[in-house]
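Here is a short briefing on salt bridges and the nonpolar core. Please keep the sequence and the structure in view while reading.

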Amino acid sequence: MANEINHDNKFIEKLTMIAQLDDQIDPSLYEKYDVKSGLRYADGRGVLVGLTRIGDVVGYEIEPDGSKKAVPGRLIYRGYNVEDIVRDTEKNKSFGFEQCAYLLLFGELPTKEQLEEFTTYLGAIRSLPPNFTEDIIMKAPSADIMNKIASGVLASYSFDPDPENRDVANILRQCVELISRFSSLAAYAYQAKRRYVDGKSMYIHNPDPKLSIAENLLQLIRNDKKYSRLEAELLDLALILHAEHGGGNNSSLTIHVVSSADTDTYSAIAAALGSLKGRRHGGANIRVMEMMDDIKAHVKDWSNEKEIADYLRKICRKEAFDHTGLIYGQGHAVYTISDPRAKLLRDKAELLAKEKGCMEEFNLYKTIERIVPDIICETHGNKKRICTNVDFYSGFVYTMLNIPRELFTPLFAIARIAGWSAHRIEEIVAGRRIYRPAYKNVQGERPYVNMEDRK
């Protein structure tokens with residue numbers, strides 16, 4: 001058996017070399033044919049491929065002469081600044097993610113009665129279908145929670161009495177059910193991993209229809225079901241800030257592309273999950289935590305700004321951590337002066353850091369945020385200023401909440417399903433045609449070679 005496996009590995013290695021050699025493309029051809037690699041212009045701006053009314057990401061404004069002026073970042077949901085939504089949530093001492101989901105889906109802020117009706121409905125449909133947990137999750141556990149959520153979404157097709165109906169009312173029903181159930185899918189997938197992959201105890205609690213989605217997730221993943229009000233508020237804030245980020249991010253674009261092909265809701269959402277799982281997209285906060293582990297291990301005095309700066313310079317010079325030269329959690333494709341999500345999360349995180357006795361670590365994060373733009377400019381000679389993005393603080397927040405790292409990206413999905421659902425409905429209602437971009441073929445035609453003449 002071992003010899004067979006070794007032979008298979010050598011065979012795959014041989015094929016891999018052939019594939020890699022045959023798939024090389026000269027980078028200069030992108031400029032020659034004016035190809036926008038990654039649907040981006042040379043300056044990093046995204047190529048306009050569609051219109052949306054759902055969300056906007058503002059990092060600069062256009063001056064009368066056509067030049068760009070950097071401004072403090074703003075995140076807009078259906079025309080409303082997310083900072084106003086957060087302030088209103090704090091003022092009313094409520095949980096705001098459900099209100100955000102309503103706003104994204106229906107385009108208007110709900111009245112008190114509309115919100116109560118919506119949250120009651122979300123709670124009532126939160127439980128997974130009969131036998132779903134046992135047959136779909138527990139009998140096929142996965143080491144990766146995102147993959148398990150995706151397979152759970154696809155399996156939901158089989159439990160839907162009308163899965164192929166493309167009427168907006170039916171698609172809306174499907175989306176609202178998924179928004180309600182994503183926290184349960186993630187929590188049960190995590191518990192199955194603990195039991196069958198990690199060999200640890202598994203705790204299966206029933207979802208509580210009276211709780212918010214943030215509260216429900218915390219009680220589902222904890223063995224004693226207990227959490228503080230501040231913990232739930234901070235998780236709710238994270239869900240609000242991750243619920244939507246414009247139509248141009250990779251996973252939301254995926255929703256539009258796949259939905260434009262007129263496929264079912266479950267296939268479209270599963271495709272978006274596959275996108276979000278990517279380390280260049282939803283998995284970024286885990287890279288931040290790995291980097292911070294490395295910094296904390298090598299910087300002896302977390303209050304010594306010079307020692308911190310010296311080690312950050314080593315990371316920039318590819319002499320430390322993963323030797324990529326990247327300081328994770330810094331910079332954004334649109335935000336330049338500031339990422340509003342990072343600021344809101346940082347301010348709320350300070351309260352929990354005080355409660356949890358984590359102020360020394362929190363101050364380390366704040367020091368890095370303050371000094372890293374100058375260090376990056378100094379090391380790379382780049383005059384373009386960058387800002388700390390939301391990924392820098394989100395992993396720290398989740399760690400203070402005692403949320404395991406394998407749930408960091410699933411938390412992103414639990415929030416973003418609201419935005420994805422809104423984008424799917426928008427594509428169904430307003431989409432004009434199937435996405436069909438063009439690729440320039442740079443492989444010239446060749447005369448066919450008969451089998452007996454091949455070398």
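Asp-262 is partly exposed, with 46% relative accessible area (partly exposed lies between buried, under 20%, and exposed, over 50%; 1.4 Å probe, protein chains only). This is a predicted model, where local features need pLDDT of at least 70, side-chain atom pairs count only at pLDDT 80 or more, and totals for chains, interfaces and linings use all residues. Residues are numbered from 1 along each chain as its sequence is written, and side-chain values use heavy atoms, with hydrogens and water left out.

**Asp-262 and Arg-166**

- The side chains of Asp-262 and Arg-166 form a salt bridge at 3.3 Å, N to O (a side-chain nitrogen of Lys or Arg within 4 Å of a carboxyl oxygen of Asp or Glu).
- Asp-262 sits in the loop between helix H11 (250-260) and helix H12 (265-276), and Arg-166 in the loop between H7 and H8, so the pair ties together parts 96 residues apart in sequence.
- Helices here are DSSP runs of H or I with at least four residues, numbered from the N terminus.
- Arg-166 is partly exposed too, at 24% relative accessible area.

**Asp-160 and Arg-173**

- Asp-160 and Arg-173 meet through their side chains in a salt bridge of 2.8 Å, N to O.
- Asp-160 belongs to the loop between helix H7 (145-159) and H8, and Arg-173 to helix H8, so this pair links parts 13 residues apart in sequence.
- Asp-160 is buried, with a relative accessible area of 8%.
- Arg-173 is partly exposed at 22% relative accessibility.

**Glu-369 and Arg-346**

- Glu-369 pairs with Arg-346 in a salt bridge, with the closest N and O atoms 2.9 Å apart.
- Glu-369 lies in helix H16 (residues 359-380) and Arg-346 in helix H15 (residues 340-356), so the bridge ties together parts 23 residues apart in sequence.
- Both Glu-369 and Arg-346 are buried.
- Elsewhere, salt bridges with shared partners join Asp-160, Arg-173, Glu-177 and Arg-181 into one network.
- The salt bridge count comes to 30.

**Nonpolar core**

- The largest nonpolar core has 116 residues (buried Ala, Val, Leu, Ile, Met, Phe, Trp, Tyr and Cys residues joined through side-chain atoms within 4.5 Å).
- Phe-182, Leu-273, Leu-312, Ile-403 and Trp-420 touch the most other members of this core.
- Helix H8 (residues 168-196) gives the most to the core, with 13 residues.
- Leaving out residues up to four places away in sequence, Phe-182 touches Ile-149, Val-153, Ile-269, Leu-273, Ala-413, Ile-414, Ile-417 and Trp-420 (contact means heavy atoms within 4.5 Å).

Terms used
Helices (H or I, at least four residues) and strands (E, at least two) are DSSP runs, numbered from the N terminus.
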